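Hi there,

Here is the structure I promised to pass on, with the sequence alongside. My notes on what turned up follow below it.

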Amino acid sequence: MKVIEKIREATEGNGRTVFSFEFFPPKTEEGVENLFDRIGSMVATTLRSCDYVAARRIHADLTLDIANRMQNMICVETMMHLTCTNMPVEKIDHALDTIKTNGIQNVLALRGDPPHGQDKFVQVAGGFACALDLVQHMRSKYGDYFGITVAGYPEAHPDMIDTDGVATLEAYNNDLTYLKRKVDAGADLIVTQLFYDTNIFLKFVNDCRQIGITCPIVPGIMPINNYKGFLRMTGFCKTRIPPEIMAALEPIKDNEEAVKAYGIHLGTEMCKKILAHGIKTLHMYTLNMEKSALAILMNLGLIEESKLSRSLPWRPATNIFRVKEDVRPIFWANRPKSYISRTLGWDQYPRGRWGDSNNPSYGALSDYQFMRPRSRGKKLQEEWATPLKSFEDVHERFMNYCLGKLRSSPWSELDGLQAETKIIDEKLANVNLKGFLTINSQPAVNGEKSDSPSVGWGGPGGYVYQKAYLEFFCSKEKLDLLVEKCKALPSLTYIGVNRGGLCVSNVGPNAVNAVTWGVFPAKEIVQPTVVDPASFMVWKDEAFEIWTKSWACLFPEDDPSKELLELIQRTYYLVSLVDNDYVHGDLFAAFKDI
Ligand code: FAD
């Protein structure tokens, strides 16, 4: 979705404030992985109220890759920065074609700074001289596919600012006129350069309005994180620093914590003043650090406010080609990135409805599915790489995870358990101790309010329902006992399969079972998760591989723990169990006396 549409929807409807974060591509591979952890956690903290993130442009290919992963793996609306620096038009088109294919719709069109070591921007042969050229090119070649944002300078562009730190009125006015040309050429949004004098920003907005610029003008807020960085940045951008800010910083400049706290206070006050003037958008330059930007938004009450709006039980895709997606198999509930990556090219989504899960592109299991973000890798190493002497040790590990004693699981990409797991955690612990090693579950819900903090989704005003669900690994002997018990419990349906594909089930291969649904005012029934036997067979390959690729691999070669895990992988069954009686059923009754 275009950011401009998000802004219009949010600000015209209920008057909500729209906010965004900006990140820059780190230099090292490790830095990139850490950045994804950080963006993921910021987006999770702010839930869906983070309206978009922007990927600053430094290195062309890296920016493309990061923007793609932000949009498609973290599922947050992404604005890619595109500059003209060293970019002949073929390279620009390559970048635009790539992001278009990846379902990204938002671009910040920039001239760019001169490359490192040069002090003047030089137009490359076959390239563009300024952002205006780029905007014109994008509109003429790509029509209105892209939402285009351009940069605005409340104090005029640094090149226009004289040695006394101020641009002449003529230079400032020329800059404004040029900005209007960028908007008239097709830009639909302006994000500003950082500033610390809020009055200058408010005057700039007013001046823009006077010359007929009507699009939203988003203030760029850079929280002060440390004194030297602040001086470097404001020096580079020739930003005016109000004397009271220097006076406040001077006595605390060597105390990093105090500077940060002041930065949060100042950022909060600046934003309050801006919001009080009816501006409903904020853009946070994070410098890849999350704390200050989040603290400011929390002070403004913008993060709390959003907690009510989990639009679906899973984080919906933002990729323009799959925004209509409204149903997923429950199996990937704890591995959303893996699900998205393996269904990225799936041609079912344009239709929105749950499609044919026998589609060949759905089955592709790549190395990506076993990649671990670094922070999770570290936690897994600490929590799961301790020696396993017996099956009971394995049972205990799963039990501890369900009780919240461990933060990580090889089968989950999430940080800890889903809120609803708390409702059944003791029962899960008990089942795990018996050797049914659970990797996914949900309690039965019969008409809870849709804004319930533990099981709600879809916003206020509706009611949500779900069938009790359990997914686990167990030995063939235990599965046989369970199958016997199920004969006396007709509301239970199950599918069990071993690594080789041997299947035991009491449902047909095409019996898709809705396990979560919601009833909302003026809407059809929404049915976001299903148990689909065909996609279970796709999922089982991934689920079994995790035993070795994400867990056994944490142990040295020939370690007995590794051998135990490989034995389980070879001999156990993966079982999906649903209690279809969501009103009176008791799924856990099936495990009694086993
Ligand atoms: P332009 O809009 O082309 O204009 C630059 C200035 O030149 C104008 O202000 C205007 O005064 C003058 N000018 C140019 N053409 C004309 C004309 N035809 N007539 C009159 N005046 C003209 N840099 C990066 O390298 N990577 C990034 O990711 C990045 N992100 C940024 C994000 C934001 C929000 C901002 C504000 C800046 C960002 N920059 C980034 C910095 C930006 O690239 C530099 O400030 C650059 O020097 C100018 O880019 P621009 O798009 O504003 O240029």
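Let me start with Met284. Leaving out residues up to four places away in sequence, Met284 touches Ser20, Phe21, Glu22, Ile221, Pro223, Ala293, Ile296 and Leu297, where contact means heavy atoms within 4.5 Å. Met284 sits in strand 8 (residues 281-285); helices (H or I, at least four residues) and strands (E, at least two) are DSSP runs, numbered from the N terminus. With a relative accessibility of 0%, Met284 counts as buried. For that term, buried means under 20% relative accessible area, exposed over 50%, and partly exposed in between, using a 1.4 Å probe and protein chains only. Met284 and Leu294 are ten residues apart along the chain, and their C-alpha atoms are separated by 9.2 Å.

Before going further, two notes on provenance. This is a predicted model, so local features need pLDDT of at least 70 and side-chain atom pairs count only at pLDDT 80 or more, while totals for chains, interfaces and linings use all residues. Residues are numbered from 1 along each chain as its sequence is written, and side-chain values use heavy atoms, with hydrogens and water left out.

Most residues other than glycine have a negative phi. Leu287, in the loop between strand 8 and helix 11, has a positive phi near 50°. Leu287 is partly exposed, with a relative accessible area of 32%. Cys75 also has a positive phi, near 60°, and lies in the loop between helix 3 (60-72) and strand 3 (78-83). At 9% relative accessibility, Cys75 counts as buried.

Next, the cores. A nonpolar core here is a set of buried Ala, Val, Leu, Ile, Met, Phe, Trp, Tyr and Cys residues joined through side-chain atoms within 4.5 Å. The largest one has 99 residues, and those with the most contacts inside it are Phe21, Leu82, Leu96, Phe146, Tyr196 and Ile224. Helix 10 gives the most to this core, with seven residues. Apart from it lies another core, of 41 residues, including Trp332, Val497, Ile546 and Ala552. As for Ile224, its contacts beyond four places in sequence are Tyr196, Phe230, Ile245, Leu249, Val259, Lys260, Tyr262, Gly263 and Leu266.

There are also two helix pairs to show you. Two packed helices are described by the angle between their axes and the distance between the axes. The axes are lines fitted to C-alpha atoms, for helices over the stretch in contact, and angles run from 0 to 180 degrees between N-to-C directions.

How do helix 10 and helix 11 cross? The axes of helix 10 (residues 256-276) and helix 11 (residues 291-299) come within 9 Å and cross at roughly 45°. The two are therefore oblique to each other; angles under 35 degrees count as roughly parallel, over 145 as roughly antiparallel, 65 to 115 as roughly perpendicular and the rest as oblique. On the helix 10 side, the contact uses Gly263, Ile264, Gly267, Thr268 and Cys271, and on the helix 11 side Ser292, Ala295, Ile296 and Asn299. By class, this contact of helix 10 with helix 11 has four nonpolar, five polar and no charged residues. In that scheme, Ala, Val, Leu, Ile, Met, Phe, Trp, Tyr, Cys and Pro count as nonpolar, Asp, Glu, Lys and Arg as charged, and the others, Gly among them, as polar.

The other pair is helix 18 and helix 19 (residues 560-571), whose axes come within 8 Å and cross at roughly 165°. Helix 18 and helix 19 are therefore roughly antiparallel. Phe544, Glu545, Trp547, Thr548 and Trp551 of helix 18 meet Leu565, Glu566, Ile568 and Gln569 of helix 19. The residues of this contact divide into five nonpolar, two polar and two charged.

Helix 18 (residues 533-551) also holds Lys540. Is that lysine buried or exposed? At 9% relative accessibility, Lys540 counts as buried. Beyond its neighbours within four places in sequence, Lys540 is in contact with Val497, Asn498, Arg499, Gly500, Gly501 and Leu574.

At 53% relative accessibility, Pro521 counts as exposed. Not counting residues up to four places away in sequence, Pro521 touches Gly461 and Gly462. Pro521 and Gly462 are 59 residues apart in sequence and 6.4 Å apart in space, C-alpha to C-alpha.

Best wishes
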